[in-house]
Amino acid sequence: IPVAGQVLATVGSIVLGATIACLDFLDYPLERRQLGFRQKLGAIRRHLPATGGFGLIALGMVSIPLFNLIAIPICVAAGTLLFCERMAADPARV
């Protein structure tokens with residue numbers, strides 16, 4: 001399908017990139033809790049509005065050449081703050 005396939009590929013790649021960026025920058029506090037990969041994905045899915053927005057912003061920031069040198073430490077700190085303020089506040093859902 002010429003047009004729908006391109007749209008689906010674009011949307012799918014953005015969703016996959018945002019998920020990978022979110023996993024990458026939230027990995028430090030989640031790894032400290034010794035969670036497996038599926039548990040990490042489940043924690044991200046349970047907190048989806050916050051983690052989805054974070055993933056999209058992080059993907060956008062690290063996609064800019066040379067700016068990503070500054071953006072990566074900022075995203076790591078932001079992911080840790082997101083975990084501490086939103087995700088760790090509800091330990092039953094982590």
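These are my notebook entries on what I looked up in this structure, which is a predicted model.

**Overall fold**

I began with the secondary structure and found 4 helices and 0 strands, running α-α-α-α from the N terminus on. I then took the extent along the principal axes, where the C-alpha atoms fill a box of roughly 45 × 30 × 20 Å. Of the 94 residues, 28% count as buried, and the accessible surface comes to about 6200 Å², with 68% of that area belonging to carbon and sulfur atoms. For the contacts between residues at least 6 apart in sequence, I noted that 68% join residues at least 24 apart. Counting charges, I have 8 positive and 5 negative side chains, and the centres of the two sets lie 7 Å apart.

**Record entry**

I checked the UniProt record, an unreviewed entry, which places the feature "transmembrane region" at residues 6-26 and 70-89. Over residues 6-26 I find the chain to be 100% helix and 0% strand, with the end C-alpha atoms 30 Å apart.

**Helix H4**

Which residues of H4 are buried? In this helix, residues 68-87, I listed Ala71, Cys75, Gly79, Leu82, Phe83 and Met87. Looking down the axis of H4, I see these buried residues fall within an arc of 110 degrees, so they line one face of the helix. The face turned away from the buried side carries the exposed residues Ile70 and Glu85. I next asked what the buried residues of H4 pack against, and the partners are helix H1 (2-32), helix H2 (37-46) and helix H3 (48-62).

I also looked up Ala77, which has its place in H4. Its relative accessibility is 41%, between the 20% and 50% cut-offs, and therefore Ala77 counts as partly exposed. Pro49 is 28 residues from Ala77 along the chain, and I have their C-alpha atoms separated by 19 Å.

**Helix H2**

For H2 I listed Lys40, Gly42, Ala43 and Ile44 as the buried residues. What covers these buried residues includes H1, H3 and H4.

**Val62 in helix H3**

Is Val62 buried, partly exposed or exposed? I found Val62 in helix H3, and because its relative accessibility is 24%, Val62 counts as partly exposed. Leaving aside neighbours within four places in sequence, I find Val62 in contact with Phe25, Asn68 and Ile72. I also took the separation from Val62 to Ala77, which are 15 residues apart along the chain, and their C-alpha atoms are separated by 14 Å.

Where is Gln34 placed? I located Gln34 in the loop between H1 and H2, and its phi is near 55 degrees, a positive value in a residue other than glycine. With a relative accessible area of 69%, Gln34 is exposed.

Leu66 is found in the loop between H3 and H4, and here I noted a phi near 70 degrees, again a positive value in a residue other than glycine. At 67% relative accessibility, Leu66 counts as exposed.

Methods
Residues numbered from 1 in each chain as written. Predicted model: local features only at pLDDT ≥ 70, side-chain atom pairs only at ≥ 80, totals over all residues. Heavy atoms only, no water. Buried < 20%, exposed > 50% of the residue type's maximum accessible area, 1.4 Å probe, protein only. Helix = DSSP H or I, 4+ residues; strand = E, 2+ residues; numbered from the N terminus. Arc of directions from axis to C-beta. Contact = heavy atoms within 4.5 Å. UniProt positions renumbered as here; feature names shortened; annotations may be inferred. Areas by Shrake-Rupley, 256 points an atom, 1.4 Å probe, with all protein chains shown as cover. Lys, Arg positive; Asp, Glu negative; His and termini not counted. Charge placed at Lys NZ, Arg CZ, Asp CG, Glu CD.
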